[in-house]
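These are my notebook entries on one structure. I went through ring contacts, a hairpin and the nonpolar cores.

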Amino acid sequence: MAPNYFIWNPDPIFCHIRSIPIKWYSIFILLAFLGGRQIAKYIYGETKRPIEDVESLSIWVLCSALIGARLGEVLFYDFQYYVNHPLEALLPFRFTPQWTLLGYHGLSYHGALIGGAVGTYIYANYDIALQLFPPRFRFKKQPRKGQNFLWLTTPVALGSMMGFLVRFGNLVNSEIVGAPTSAPFSVLFAHDIVEQLHQSADSIEKVRIFSQDSPQEPTSLHRPITLEVVFKDTLLDEATVRSTLENNIKQCLVNNPYVKEHLYERPGVPLKYSLHRTPQRAYLAHIDTYGIPRHPVQLYESMVYLTALILLLYAWSGLHKQLSDGIIAAIAMIVCYGFRFIFEFFKEPFNVIFDGAV
């Protein structure tokens, strides 16, 4: 019988430019920004507003949303860590235990919403100019003609709903995972399992995960899987390989918190495995254990945002002359946050505001 879940372990890195990794998540954010800008240009054109203003609006909203998203992550989700590492709150690096380029991997949805709203309000009501050569800075209250804050919420809200692409980025990163489930089309997020096993022993070259059929499951939320572990050095002796499996790997499967989120290995019993040789004479182990499929809530949210965007854009295109300013944005917020509340029931633990994820 075919399994009713998917094993998901894509490479989050799209490519490397020299030694700098370019992640799919960053690409999706860029595509969301470009798509949102095109939506804003369409709305400006249909309402006879100056399309060239979209560039300034886009920059204001993007910068303020990113600042808000970062501050939201720092203040809401991991405040204690960033109090002790303040530079990491501002810079895309980790300085301890060693310098590492991370990018801004912690971005809060709530913070981005607040930051984007603040940036839109400033854009609508103030004239700000910054010039480096010669140095010049101008800041004065000057409302934009035909672009008040409420009117601007429509292109900003519809453009922001291109964020459905960002949820695809979360899916590729295997983050914001849902609660365990036996429902069809659930997902076993294998990235952390593979990554942590690699870190458990230097001798491991490759880890793969396969589904299998077995009537002996600890609970209905566990699914039998096989871990295939290939060792690097063909000169390793069998005793060393078995020791690595029965100690390092067993401890990783039982005790590592990142692994335990997606895999169940019975504690206190010997590791169930078989050992073989590859044609290249490297050792290969097949480990029988249990995976924990989960709801792909990133995909749920992405589909809702995309559907809402299509419907609201279609409604606006036919009714914008009759609609009051701010109506589309209000509907978008109600729909997105309404479904977000529902999807919290598919996450673990249930927490509407401070769920530890964007």
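Entry 1, charges over rings. I counted a charge as sitting over a ring if NZ of Lys or CZ of Arg is within 6 Å of the ring centre and within 35 degrees of the ring normal. The model is predicted, so I kept to its limits: local features need pLDDT of at least 70, side-chain atom pairs count only at pLDDT 80 or more, and totals for chains, interfaces and linings use all residues. Residues are numbered from 1 along each chain as its sequence is written, and side-chain values use heavy atoms, with hydrogens and water left out. I found the charged end of Arg-49 over the ring of Trp-151, 4.2 Å from its centre. I also found Lys-141 over the face of Tyr-126, 5.0 Å from the ring centre.

I searched the whole structure and got 13 aromatic pairs. Rings of Phe, Tyr and Trp (its six-membered ring) pair if their centres lie within 6.5 Å; planes under 30 degrees apart are stacked, over 60 edge-to-face, and the rest tilted. Tyr-121 and Phe-149 are edge-to-face, at 5.8 Å centre to centre and 70 degrees between the planes. I placed Tyr-121 in helix 5 (residues 109–125) and Phe-149 in helix 6 (residues 149–160), 28 residues apart. Helices (H or I, at least four residues) and strands (E, at least two) are DSSP runs, numbered from the N terminus.

I then looked up Phe-339 and Phe-343, which both lie in helix 12 (residues 327–343), four residues apart. Are these two rings stacked or tilted? The pair is tilted, because the planes are at 40 degrees, with the centres 6.1 Å apart. For accessibility, buried means under 20% relative accessible area, exposed over 50%, and partly exposed in between (1.4 Å probe, protein chains only). Phe-343 is buried at 9%, whereas Phe-339 is partly exposed at 36%.

Strand 2 (residues 13–17) and strand 3 (residues 20–23) pair in the antiparallel sense over four bridges. Pairing requires at least two bridges found by DSSP. The bridge partner of His-16 is Pro-21 in strand 3. Two residues lie between the strands, and Arg-18 takes a positive phi near 60 degrees.

A nonpolar core is a set of buried Ala, Val, Leu, Ile, Met, Phe, Trp, Tyr and Cys residues joined through side-chain atoms within 4.5 Å. The largest has 34 residues, and Leu-158 is among those with the most contacts inside it. Helix 1 gives the largest share of this core, seven residues. A second, separate core has 28 residues, including Val-194 and Leu-253.
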